[in-house]
Amino acid sequence: MSVLQTVDFDEIISIIKSASGLFHNEEAAENVTIKGRADFVTEVDLAVQKTICKRLAAKYPDIQFMGEEKDNSDIDFDKAVWILDPVDGTTNLIHHYQENCISLALYECHRVVAGFIYNPWHDELFFAKKNGGAFLNGEPIHVRECSDLADCLISVGTAPYSHERADFVFHQIKNVFLRVADIRRIGSAALELAYIACGRLDAYFEPNLKPWDFAAGMLIVAEAGGKVTDFEGNPITPEHPQDILASNDRIHREMIEVLNQ
């Protein structure tokens with residue numbers, strides 16, 4: 001039996017929402033450890049991951065756990081695994097910029113089969129199940145039908161951990177900016193993917209994202225009628241870091257062309 005059939009989605013949502021209260025602990029959010037260039041972890045990240053990991057392990061002991069704030073070298077992708085980003089948008093959290101979220105995916109048989117993204121500041125829960133559609137707070141969502149880049153709103157990522165790629169990244173951003181209605185920089189890959197799924201954005205791209213950044217969002221976008229690939233149009237996998245291009249699918253090929261100019 002697939003592990004997906006054993007999962008109680010309402011219970012998973014409850015677990016996620018119960019941990020999200022930790023986002024409001026300002027003292028914990030201001031207790032910051034620097035992991036690398038522009039790469040931070042707060043006590044909120046650690047507490048959220050600990051809470052969710054503990055509750056998932058108690059309920060689903062046979063499903064592995066992959067989290068941003070742990071060593072994941074022992075993960076076997078031939079078996080089912082939870083993929084968690086406890087706070088996607090940690091830098092935003094530190095600066096009291098309320099665009100951050102919990103992102104949780106279930107990965108089985110080398111595909112994402114369920115995805116959850118929760119923004120506690122706006123009480124927005126995005127959810128998708130493989131072949132089951134995408135939802136925001138229980139209501140079906142779909143990508144926007146914009147097919148003309150000139151009318152599209154595009155979100156960009158700056159790869160802040162890789163300043164050596166700045167020339168490449170900002171060359172791409174300029175090329176896109178000159179073709180579209182406008183661009184945005186939100187600072188949370190998971191939310192940017194969720195916003196494509198519900199029609200607030202038409203596309204998003206960023207190089208070298210980690211699995212926990214995009215695992216849940218890639219399914220939510222796909223189930224909402226969109227598309228997620230690398231910059232060349234190849235399928236992606238959360239088994240390793242990836243360059244990510246997500247869109248409403250109507251502009252995907254043109255976005256690939258612009259990104260590779």
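## Strand pairing, ring pairs and a helix contact

Strands β4 and β5 pair in the antiparallel sense over 6 bridges; two strands pair if DSSP finds at least two bridges between them. This is a predicted model, in which local features need pLDDT of at least 70 and side-chain atom pairs count only at pLDDT 80 or more, while totals for chains, interfaces and linings use all residues. Residues are numbered from 1 along each chain as its sequence is written, and side-chain values use heavy atoms, with hydrogens and water left out. Helices (H or I, at least four residues) and strands (E, at least two) are DSSP runs, numbered from the N terminus.

**Around β4.** V81 has Y107 in β5 as its bridge partner. On β3, which runs parallel to β4 and is joined to β4 by 4 bridges, G67 stands opposite L84 in β4. Of the 8 residues of β4, 8 are buried; buried means under 20% relative accessible area, exposed over 50% and partly exposed in between, with a 1.4 Å probe and protein chains only.

**Aromatic pairs.** The structure holds 8 aromatic pairs. Rings of Phe, Tyr and Trp (its six-membered ring) pair if their centres lie within 6.5 Å; planes under 30 degrees apart count as stacked, over 60 as edge-to-face and the rest as tilted. Two of the pairs are listed here.

| Pair | Centre distance | Plane angle | Class |
|---|---|---|---|
| F9 and F116 | 6.2 Å | 40 degrees | tilted |
| F77 and Y107 | 5.9 Å | 85 degrees | edge-to-face |

F9 lies in helix α1 (residues 9-20) and F116 in strand β6 (residues 111-119), so their pair ties together parts that are 107 residues apart in sequence. F9 counts as buried at 16% relative accessibility, and F116 is buried at 1%. Ring pairs also link F9 and F116 with F127 into a cluster.

F77 lies in the loop between β3 (64-67) and β4 (81-88), and Y107 in strand β5 (residues 101-108), so this pair ties together parts 30 residues apart in sequence. F77 is buried, with a relative accessible area of 14%; Y107 is buried at 1%.

**Helix contact.** α1 and helix α3 (residues 43-59) pack at an angle of about 155 degrees, with their axes 9 Å apart. Axes are lines fitted to C-alpha atoms, for helices over the stretch in contact, and angles run from 0 to 180 degrees between N-to-C directions. α1 is therefore roughly antiparallel to α3, a term for angles over 145 degrees. Among the α1 residues that meet α3 are E11, I12 and I15, and the α3 residues include V48, I52 and L56; contact means heavy atoms within 4.5 Å.

Note on methods: Parallel < 35°, antiparallel > 145°, perpendicular 65-115°, else oblique.
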